[in-house]
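Colleague: I would like to learn how to read a model like this one, feature by feature. Where do we begin?

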Amino acid sequence: MKKNLSLATCAAVLAAVGATAAELWIGAAQADITPDRPISLSGQFHNRISTNILSRCTANVLALESRTNGAPAECAILVSLDVVSLRDTQEEFKRYIAGRVPGFDTNKLFLAATHTHTGPTLAQTNFSHYGDAMQPKEYVPFLFERMGDAVVKAWEGRKPGAVAWGLGHAVVGANRRVVYADGKAVMYGDTKKPGFRGLEGWEDHAVDVLLFYGADRKTLVATAIAVPCPAQTVESLYEVSADYWHPVRETIRKKHGQDVVVLGLCAPAGDQVPRPMLRNAAEERMLRLRKLNRLQELARRITDTFDETLEAAQADIRADVPFAHRVERFEVPGRKLTEKEYVEAKRGYEDYSKKDETVAEVYGRKNWYKRTLDRYEAQQKADPKGTLEIHVLRIGDVALATSPFELFVDYAMQIQGRSPAGQTVLVQLAGPVGTSGYLPSERAVKGGGYSAVPQSSQTGPEGGQMLVERTLDAIRALFR
Amino acid sequence: MKKLLSMTAAGLLAAFRAQAAELWIGAAEADITPDRPVSLTGQFHVRVGQPSNILSRCKAEVLALEARENGQPADCAILIACDVCYLPKDIQSRFRERVAARLKGFDVNKLLLTATHTHTGPALDQGWYDDLGGAMPPEEYVAFFFGRLAEAAAKAWDGRKPGAVAWGLGHAVTSQNRRSVYADGSAVMYGPTDKPEFRGLEGGEDHTVDFLFFLDADRKPLATAITVACPSQVDEGLSRLHADYWGDVRDELRRRYGEKYVVLGFCGPAGDLVPRAILRKSAEARMGQLRKLNRRQEVARRIVRAYESTWEIVKKDIRADAAFAHRVERFDLPGRKITDLEYEAAKRNYEPLATKAVLVGGEAAHKNWYKGTIARYEAQKTAEPRHAVELHALRLGDVAIATNPFELFLDYGMRIQARSPAAQTVLIQLAGPVDDATYLPSERAAKGGGYSAVPESSLVGPEGGQELVERTLAAVGALFGK
């Protein structure tokens, strides 16, 4: 395992490329990953200790194995997790789970974060102190135990099944980067200013739906739904919440059975957000008339499109489909800091260094700048590089490709525009990523602002373009 | 009449009152499909729609509104959504003159024509074409068009009765941004997205749908106005008369709400948007196959679905007394100046076409397109270009409706939406008279170039666009006491 996980060479392809039609075995399980103690919630610069549970955070597991002539040919375990992001969690979990899933190559497992901002903190170093709350170093073993049991259950419970897929639409995410007449961009900037010139980029309102059935082709076992919008509607609460994925799961289970496992996947949405950026008053009035809050409204839109996509896609349920899974690890150039950016970061660091670390976001902000200074120092000795792991699967005519970033939609557009697959499902925040997970587009870097400044991103447009090309190469290899 | 139609720099023609008033509503439909071959507008090349081969009938949908305070008329509007590509410069004013005598008690300045932007509707002028392929001359068609429109306008106005209104915001993914941007910064409308140099779509997309519902005194549906930020041009290349997706939307809503239901299809700012799939084409096509719907029918399905979802909710909030006011403003916008480089490029493209003995396909239209740019360059040497614009701003309850005559890039729509004081703001493009270079590109589009952003496509550029934003906001603000 260590050998496999060691720094990859330029293009380490760890999987077979075959994608002939095969019998698909499917298993699924869910784990409740919400402890019964107050916990630290991640998603803001300041630490929030939970005071209540609004909805329970879960890990949702899908195990897939293809069998050709009765023999295992390929496999994957996908885990959707109600957390904000994953740092080293995936690699630690693979080590934890190794040996518990016989016949499964743990390299073929990936975790994907829904990006809820009201889920458990995974890294002890996120905040300076946790008071009487459950420490992240205590929480992670709890998570691994719960998630590990679900992975084992899904893998061991796999049975012959069938799959269907479809494309739906739901207006969930809005572009959150506000551009002004001087060319500057501000995340959540004021759109009422006379200098407002528009939202920076595209908005993606497609929803990819994968449906996994039992052998009877009627019983829905699991679904994976990719929405290009982070689940952060109630991002500032001090309550545990799976955000909009909770009512989505509840609604689907109510209709299709309590055992249906719903994997909420976040498609590239580094510049998207579930709050309305325009037409706020009209959106709010509709909420009042519907007697829904924003979180419930987004869930309504997602489940509506889920229903109508399922209705159309169930006419084309397939048991024998090509299935393949490539895991690639490669280096991408890191984002180099300019002298000016270094000076700004230094100023920010010095300002926060003078403040009391126990106050609100001081610790988080100080370290945000500190890491940027460290990167600047490091780049004096060697050009920065980052190691990426991406998973690319073929399931029938569908390509599913992951990235670990909060990936700006410009990159997704490029992959979508050039992908040879019948349907391409992109999943962000999947697998390990550093502490600054945004991958901003070229236009975003020019505009600046949070999410595009160097503090927010260890990888910049050069690395982003390489990610696009490597993802497309991997997809093409599966669709030759 | 002439006096009323003349334009001052800022002709403010309406009272600003917006007190709650009794709303009188009338609605009617006109069939504007002739029974003779007619030229279709929407492409560079000539196409003729034959009466024996009509895909769907083109219509004009009319909504007449009058507010009465203490029994007395206070303000009014007649809105007419036409299944045509655009409304040439003098069409609206000529129609107002034609219909004025039939609309008793109505100020014809308050009558507004809008285009759904179907690319398979009848031509209203000769446009860029040197011949019309044997179709009825546009002037003959316009006489027919005016006759049908006048009957419907009179029917709607004369038939107005006390009614009620509701409004709401829905969502339907109907459009995609059609401007592909490449690594060198250039932009191409409908440019390939599968090239390695493709870097993304230039701007955003607007998937909101504004709904206005008009009911009679018994709260029965009388008419609806639906604003979709997407031109009705799915089947834009056909040589058949066709209302495009609005035909399907109307058919479906009438099936549900009665054959007399009047459905006005408005186009929100969508100069850079299009109903065809630009990304995820194969997945979109497959879903169409599974649903047994073509793209046009699928777009209509999404709009009807949003309609139902919105109506179901807002029918709880129907209002008979709603503030109503209608401002008509006329002003000049700075025209887009042609640079030396743009002039040279236009000249280079024009000259081979000008000397060609026989022009084929879209060449005649292209020749006139470039000729127009050359003429503008010459004209700007003697005077700064200016272009007259008529803007309608209405208040209906908490809703603001604001029009513009352009194919307005979405960036401008965003600016108005963001700063509007209204609870819901409905923006309608291609409303009222405009010259044939109808696009109003954003700053980033003008930089990227390409059809729809080059000078040939736009008489007004970003400077005029920002002024339009400010003028619109001022008009809306005045209606909402801001």
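Modeller: Begin with a caution: this is a predicted model. Then take a sheet. Strands of a sheet pair through backbone hydrogen bonds, either parallel or antiparallel. Here, three strands of chain B form an open sheet in the order E12-E11-E13, and the pairing is antiparallel.

Colleague: Which strands stand at the edges of that sheet?

Modeller: Strand E12 (187-189) and E13 of chain B. Each has a single partner strand, so one side of each is left without a neighbour in the sheet. From one strand to the next, the twist averages 30 degrees.

Colleague: Over how many bridges do E11 and E13 of chain B pair?

Modeller: Three, in the antiparallel sense; strand E11 of chain B covers residues 179-182.

Colleague: Now the contact between the chains. How many residues does it take from each chain?

Modeller: It takes 37 residues from chain A and 37 residues from chain B. Next, ask which elements supply them. On the chain B side, those that give two or more residues are strand E9 (161-171), strand E13 (198-201), helix H5 (281-291), helix H6 (295-314) and helix H9 (410-419). H5(B) gives the most, with seven residues. By residue class, the side of chain B that touches chain A divides into 13 nonpolar, twelve polar and twelve charged.

Colleague: Let me turn to chain A as a whole. What is its radius of gyration, and what would a compact globule have?

Modeller: Scale the expectation to chain length. With 480 residues, a compact globule would have a radius of gyration near 23 Å; chain A has 22 Å, which agrees. The C-alpha trace of chain A spans about 65 × 60 × 45 Å along its principal axes. Its secondary structure comprises eleven helices and 25 strands.

Colleague: What share of chain A counts as buried?

Modeller: Of its 480 residues, 57%.

Colleague: Which residues touch the most other members of the largest nonpolar core?

Modeller: Val61(A), Leu62(A), Val62(B) and Leu63(B), in a core of 298 residues. The largest share of this core comes from helix H3 (residues 138-158) of chain B, with nine residues. Follow Val61(A) as an example. Leaving aside residues up to four places away in sequence, its partners include Ala28(A), Ile77(A), Val79(A), Ala154(A) and Val261(A).

Colleague: Next, backbone angles. Which non-glycine residue has a positive phi of about 50 degrees?

Modeller: Asn69(A). Check where such a residue lies. Asn69(A) is in the loop between strand E6 (58-68) and strand E7 (71-81) of chain A. Asn69(A) is exposed, with 7 other C-beta atoms within 10 Å.

Colleague: And where is Arg217(A) placed?

Modeller: In the loop between strand E15 (206-214) and strand E16 (220-227) of chain A. Arg217(A) has a positive phi of about 65 degrees and is not a glycine. Arg217(A) is partly exposed, with 15 other C-beta atoms within 10 Å.

Colleague: One last residue. Is Glu378(B) buried or exposed?

Modeller: Count the neighbours. Glu378(B) has 11 other C-beta atoms within 10 Å, so it is exposed. Glu378(B) sits in helix H8 (residues 363-379) of chain B. Its C-alpha atom is separated by 47 Å from that of Asn294(B), 84 residues apart along the chain.

Notes: Residues numbered from 1 in each chain as written. Chains lettered and ligands numbered in written order. Predicted model: local features only at pLDDT ≥ 70, side-chain atom pairs only at ≥ 80, totals over all residues. Contact = placed C-beta atoms within 7 Å. Helix = DSSP H or I, 4+ residues; strand = E, 2+ residues; numbered from the N terminus. Nonpolar A, V, L, I, M, F, W, Y, C, P; charged D, E, K, R; others polar. Pairing = 2+ DSSP bridges. Axes fitted to C-alpha atoms, helices over the stretch in contact; angles between N-to-C directions. Rg over C-alpha atoms; globule rule 2.2 N^0.38 Å. Buried ≥ 20, exposed ≤ 12 C-beta atoms within 10 Å, placed from the backbone. Core = buried A, V, L, I, M, F, W, Y, C linked by C-beta atoms within 7 Å.
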